[in-house]
Amino acid sequence: MTKSVDLLKFLGLSNEKVSKPLEFQSFSLSPENQRILGEPHERNTVTPLALKPLDIEASRVTLDAAILAVKDLQASERFFTRKLAQHGTLLFRGLPIHSVDDFSKFGYAFGFSEHEIIGIVVDRPLLAPNVAPANEAPKEVLIYNHNESPQVPHAPEYILFYCLKAPEIGGETPISSSVELLQRAKEEMPEFITELAEKGILSKVTYKVEKQYAGGSTLKQAFGKEIVDGDDRATRKRKVEEQIKRYERGEHTTWEWTDDDQTLVLSHRLPAIRTHPHTKLPTLFTGLAAYYKNFVDKSSPNSGRRNITQQLYGDGKPIPEEYLKKLADITDEIRVLHTWQQGDVLVYDNVIAQHGRQPWEGEQGDRVILASLWDGDAVPGQYKGSRGSWAQVVQARA
């Protein structure tokens with residue numbers, strides 16, 4: 001699908017001008033794993049952009065060489081940042097990344113800032129610097145296409161996934177463009193996009209002292225970083241609320257304690273339509289299609305597994321199910337499923353690229369995918385069709 005190209009040529013540089021210990025070339029994947037993006041992306045733009053070491057002697061393909069090459073290219077006008085803004089997702093294959101520590105070192109090469117997950121909803125124990133399991137939910141559970149953390153105010157700009165172990169059947173990671181999704185939705189259900197732009201969404205997230213489901217987080221994991229043994233109930237509540245206030249959302253984030261302070265319900269009014277900080281293209285930053293496919297669509301492997309609440313516009317009115325179904329139908333048309341090979345690294349621009357997880361056959365431990373979340377140099381911008389302070393993303397307070 002893509003022609004093999006030396007990345008230095010993208011920058012107008014030559015090997016005589018820039019000495020590289022390792023260079024990359026793009027290569028084609030099968031149509032099931034790679035596609036040409038639709039409007040408003042540039043013509044003939046593929047996702048993912050697949051990269052591998054240029055054919056050189058094996059002794060030069062070392063982890064240190066790969067890290068240096070990424071660092072050098074990023075220093076040249078933030079090369080990979082720009083490629084991510086164009087393609088949404090990059091695939092690195094054929095690099096000597098063999099362990100959790102290797103992956104951690106590779107992630108830091110891009111020069112992004114570590115993302116602190118405030119209000120985490122899944123269990124992600126730290127395995128190495130800024131590396132955790134991608135998701136510990138049972139293998140039968142479908143996780144449909146979504147942007148990372150659309151239900152909370154503070155989301156990462158970039159995500160790296162690494163395959164430590166690939167299953168024989170299933171377990172693919174989807175890739176789709178939320179920029180293309182918005183464009184299609186504007187054309188096929190403009191009234192929905194207009195209402196979404198004007199109202200945003202009302203996200204209600206429930207946290208409990210104990211896990212609510214396998215792979216989920218606890219209240220302490222979500223907001224309890226300052227809680228210590230011996231804190232009384234009033235102190236624990238105060239410390240949790242101080243973490244919530246770091247969102248810097250003012251009246252647009254409210255909360256309620258129930259169940260004798262064993263349950264915390266947060267309500268966020270959030271923009272579902274945002275603009276990319278570099279390209280300025282609008283993007284449908286959401287998990288609405290995932291909500292439908294995961295818990296409503298009768299064909300879903302985990303349909304009805306959990307009690308669910310309706311998805312709401314920012315004014316509290318329910319979003320009609322027909323719109324959610326249409327988003328899922330469009331996503332089915334525009335996504336590809338990445339078939340993992342051991343050692344693969346996928347890098348997502350989370351503002352414009354959606355990911356997920358397909359179920360797999362075999363044992364739970366047959367698929368081991370690790371994740372690393374990062375912040376960029378700017379947060380997404382406010383969509384022109386949205387009015388009010390709720391529509392602007394802000395960086396959480398340190």
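Student: Let's start with Lys280. Is Lys280 buried or exposed?

Tutor: Keep in mind that this is a predicted model. Lys280 has 55% relative accessibility, so it counts as exposed, the cut-off being over 50%.

Student: And where is Lys280 found?

Tutor: In the loop that runs between strand E14 (273-275) and strand E15 (282-284). Its backbone is worth a look too: Lys280 is not a glycine, yet its phi is positive, at about 70 degrees.

Student: OK, cis peptides now. Which residue is joined to Pro40 by a cis peptide bond?

Tutor: Glu39, with omega at about 5 degrees. Pro40 is in the loop between strand E2 (35-36) and strand E3 (46-47). There is also a cis bond joining Thr47 and Pro48, where omega is about -10 degrees. Pro48 belongs to the loop between E3 and E4.

Student: Switching to helices. At what angle do H5 and H10 cross?

Tutor: Roughly 130 degrees, with the axes of H5 (residues 178-188) and H10 (residues 321-334) coming within 10 Å. That angle makes H5 oblique to H10. The crossing is right-handed.

Student: Which residues make the contact?

Tutor: From H5, they are Glu180, Leu181, Arg184, Ala185 and Glu188. H10 brings in Lys326, Leu327, Ile330, Thr331, Glu333 and Ile334.

Student: How do the residues of that contact divide by type?

Tutor: There are 5 nonpolar, 5 charged and 1 polar.

Student: Last topic, the cores. Which residues touch the most other members in the largest nonpolar core?

Tutor: Phe24, Phe80, Phe92, Phe106, Phe110 and Val345, in a core of 35 residues.

Student: Which element gives the largest share of this core?

Tutor: H2, with 7 residues. Other elements giving two or more residues include helix H3 (79-87), helix H4 (100-108), strand E9 (158-165) and strand E20 (368-375).

Student: And what does the second core include?

Tutor: That core is separate and has 30 residues, among them Leu182, Ala185, Leu270 and Leu324.

Definitions and conventions
Residues are numbered from 1 along each chain as its sequence is written. This is a predicted model: local features need pLDDT of at least 70, side-chain atom pairs count only at pLDDT 80 or more; totals for chains, interfaces and linings use all residues. Side-chain values use heavy atoms; hydrogens and water are left out. Axes are lines fitted to C-alpha atoms, for helices over the stretch in contact, and angles run from 0 to 180 degrees between N-to-C directions. Helices (H or I, at least four residues) and strands (E, at least two) are DSSP runs, numbered from the N terminus. Angles under 35 degrees count as roughly parallel, over 145 as roughly antiparallel, 65 to 115 as roughly perpendicular and the rest as oblique. A crossing is left-handed if the near helix is turned anticlockwise from the far one by less than a right angle, and right-handed if clockwise. Contact means heavy atoms within 4.5 Å. Ala, Val, Leu, Ile, Met, Phe, Trp, Tyr, Cys and Pro count as nonpolar, Asp, Glu, Lys and Arg as charged, and the others, Gly among them, as polar. A nonpolar core is a set of buried Ala, Val, Leu, Ile, Met, Phe, Trp, Tyr and Cys residues joined through side-chain atoms within 4.5 Å. Buried means under 20% relative accessible area, exposed over 50%, partly exposed in between (1.4 Å probe, protein chains only).
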